[in-house]
Amino acid sequence: QVQLIESGGGLVQAGDSLRLSCAASGRTFSSYAMGWFRQAPGKEREFVAAVSSRGGTTTYADPVKGRFTISRDNAKNTGYLQMNSLKPEDTAVYYCAAVVAAYSGRAYTRRESYNNWGQGTQVTVSS
């Protein structure tokens, strides 16, 4: 198991940028694939982006393609989500998640694939 702590959320205006961080405990972070999900009020938690354990594979949900970038620094046990050109519809609680990867090149997009979750960080984008 790995413990995950998100940070970097806040209140911004449309068009602004934010970078979320996800700090992981333990010494085996490089064995874990990572993902970011978000949940808006009254909606289900949805996939945002995922990265493989070594960082070589990334995948994004259509609404964030070209605006968000997922990355990781295994030496720092930290994952990131760079969010640019934010829109009001990006407002949500953002969660990072991790799972031991079946192989190093795999990125997981399904919520059910993950068994380690952070507590979430609020992102609010005003128009």
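A charge is taken to sit over a ring if NZ of Lys or CZ of Arg is within 6 Å of the ring centre and within 35 degrees of the ring normal. The model explored here is a predicted one.

Select R45 and W117 to begin: the charged end of R45 sits over the ring of W117, at 5.0 Å from the ring centre.

Next, keep W117 and display F37, F47, Y108 and Y114, which together with W117 form one aromatic cluster. The structure as a whole holds five aromatic pairs. For one of them, centre the view on F37 and Y114: the ring centres are 5.4 Å apart and the planes stand at 80°, so this pair is edge-to-face. The two partners are 77 residues apart and link distant parts of the chain, F37 belonging to strand β4 (residues 32-39) and Y114 to the loop between β9 and β10 (116-117). Is F37 buried or exposed? With a relative accessible area of 1%, F37 is buried, because the limit for that class is under 20%. Y114, at 5% relative accessibility, likewise counts as buried.

Finally, move to D90, located in the loop between β8 (78-83) and β9 (92-100). D90 counts as buried at 1% relative accessibility. Show the side chain of R67 as well: a polar contact of 2.7 Å joins it to the side chain of D90. Leaving aside residues up to four places away in sequence, D90 touches R38, R67, F68, S85, V123 and V125.

Technical notes:
Residues are numbered from 1 along each chain as its sequence is written. This is a predicted model: local features need pLDDT of at least 70, side-chain atom pairs count only at pLDDT 80 or more; totals for chains, interfaces and linings use all residues. Side-chain values use heavy atoms; hydrogens and water are left out. Helices (H or I, at least four residues) and strands (E, at least two) are DSSP runs, numbered from the N terminus. Buried means under 20% relative accessible area, exposed over 50%, partly exposed in between (1.4 Å probe, protein chains only). A polar contact is a pair of N or O atoms within 3.5 Å; within protein, one must be able to donate a hydrogen and the other to accept it, and residues adjacent in sequence count only if both atoms are side-chain atoms. Contact means heavy atoms within 4.5 Å. Rings of Phe, Tyr and Trp (its six-membered ring) pair if their centres lie within 6.5 Å; planes under 30 degrees apart count as stacked, over 60 as edge-to-face and the rest as tilted.
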